[in-house]
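Take a first walk through this protein.

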Amino acid sequence: MEIIAVVLAAGAALLHVYIWVLESFRWTEPSTRRTFGVSEADAPVLAPMAYNQGFYNLFLAVITLVGLALMGSEHGTGTALALAGTGSMLAAALVLVTHDRSMLRAALTQGTLPALAVLFLLLQL
């Protein structure tokens, strides 16, 4: 079960690293704009916000990966960090879909791996 938790949490972290790249460095690219439903005219206006948001995604990935690296350490520090990272990813997906129901697909993409990781990490406690 621990291997499943680690694989799911690592997958969630890698997905959020990918989102960081899209939001922070590829925001104005046509494929990225299509992914996020942003027009060519709006992309430059939203770029500073997307850049910042991208780094939030990176930080959640880093927290999760550091937690995974510390898994098995004393006092459950690694598991706690992995739960903090994946739990925050899941919470962000829930905020996205509760704010705008049309974002269900994006929320499922962003939140499925973290949700499963949270479940399997909690089973480790």
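The paragraphs below go from the whole chain to its parts.

This is a predicted model, in which local features need pLDDT of at least 70, side-chain atom pairs count only at pLDDT 80 or more, and totals for chains, interfaces and linings use all residues. Residues are numbered from 1 along each chain as its sequence is written, and side-chain values use heavy atoms, with hydrogens and water left out.

Begin with the fold. The protein has five helices and zero strands. Its pattern along the sequence reads α-α-α-α-α. Helices (H or I, at least four residues) and strands (E, at least two) are DSSP runs, numbered from the N terminus.

Now the overall dimensions. The C-alpha trace spans about 50 × 25 × 20 Å along its principal axes. The radius of gyration is 15 Å, which agrees with the value near 14 Å that a compact globule of 125 residues would have. That radius is taken over C-alpha atoms, and the globule rule is 2.2 Å times the number of residues to the power 0.38.

How much of the protein is buried? Of its 125 residues, 35% count as buried. Buried means under 20% relative accessible area, exposed means over 50%, and partly exposed lies in between (1.4 Å probe, protein chains only). Contacts also tell a story about the chain. A contact means heavy atoms within 4.5 Å. Among contacts with a separation of 6 or more, 61% join residues 24 or more positions apart.

Some single residues show this in detail. Take Thr64, in helix H3. Thr64 counts as buried because its relative accessibility is 0%. Leaving out residues up to four places away in sequence, Thr64 touches Ala9, Ala13, Leu81, Ala82, Gly85, Thr86 and Met89.

Leu68 lies in helix H3. With a relative accessible area of 14%, Leu68 is buried. Its contacts, not counting residues up to four places away in sequence, are Val6, Ala9, Ala10, Gly78 and Ala82. Leu68 and Val7 are 61 residues apart in sequence, yet their C-alpha atoms are 9.5 Å apart in space.

Move to helix H1, where Ala12 has its place. Ala12 is buried, at 0% relative accessibility. Neighbours within four places in sequence aside, Ala12 is in contact with Met89, Leu113 and Pro114. Between Ala12 and Leu121, 109 residues apart along the chain, the C-alpha distance is 13 Å.

Helix H1 also holds Glu23. Is Glu23 buried or exposed? Glu23 is buried, since its relative accessible area is 3%. Glu23 touches Phe36, Ala50, Tyr51, Gln53, Gly54 and Asn57, with residues up to four places away in sequence not counted. The C-alpha atoms of Glu23 and Asn52 are separated by 8.3 Å, and the two residues are 29 apart along the chain.

Thr77 is in helix H4. Its relative accessible area is 36%, so Thr77 is partly exposed. Thr77 and Arg101 are 24 residues apart along the chain, and their C-alpha atoms are separated by 35 Å.

Next come the aromatic rings. A pair of aromatic rings is described by the distance of the centres and the angle of the planes. Rings of Phe, Tyr and Trp (its six-membered ring) pair if their centres lie within 6.5 Å; planes under 30 degrees apart count as stacked, over 60 as edge-to-face and the rest as tilted. The whole structure has seven aromatic pairs. In one of them, Phe25 and Tyr51 have ring centres 6.3 Å apart and planes at 85°, so the pair is edge-to-face. This pair links distant parts of the chain, with Phe25 in helix H1 and Tyr51 in helix H3, 26 residues apart. Tyr51 is partly exposed, at 42% relative accessibility. Ring pairs also link Trp20, Phe25, Tyr51, Phe55 and Phe59 into a cluster.

Finish at the largest pocket. On a 1 Å grid over the protein atoms alone, a pocket is an open set of points where a 1.4 Å probe fits, with protein on both sides within 12 Å along at least five of seven lines; lining residues have an atom within 4 Å of a point. The volume of the largest pocket is about 880 Å³. A volume is the space filled by probe spheres set on the points, and grid points are joined across faces, edges and corners.

Which residues lie nearest the centre of the largest pocket? They are Phe36, Leu96, Met103, Ala106 and Gln110, among 27 lining residues. Helices H1 (2-25), H2 (30-36), H3 (42-69), H4 (77-99) and H5 (104-123) each supply at least two residues of the lining. H3 gives the largest share, seven residues. The lining divides into 17 nonpolar, eight polar and two charged residues. Here Ala, Val, Leu, Ile, Met, Phe, Trp, Tyr, Cys and Pro count as nonpolar, Asp, Glu, Lys and Arg as charged, and the others, Gly among them, as polar.
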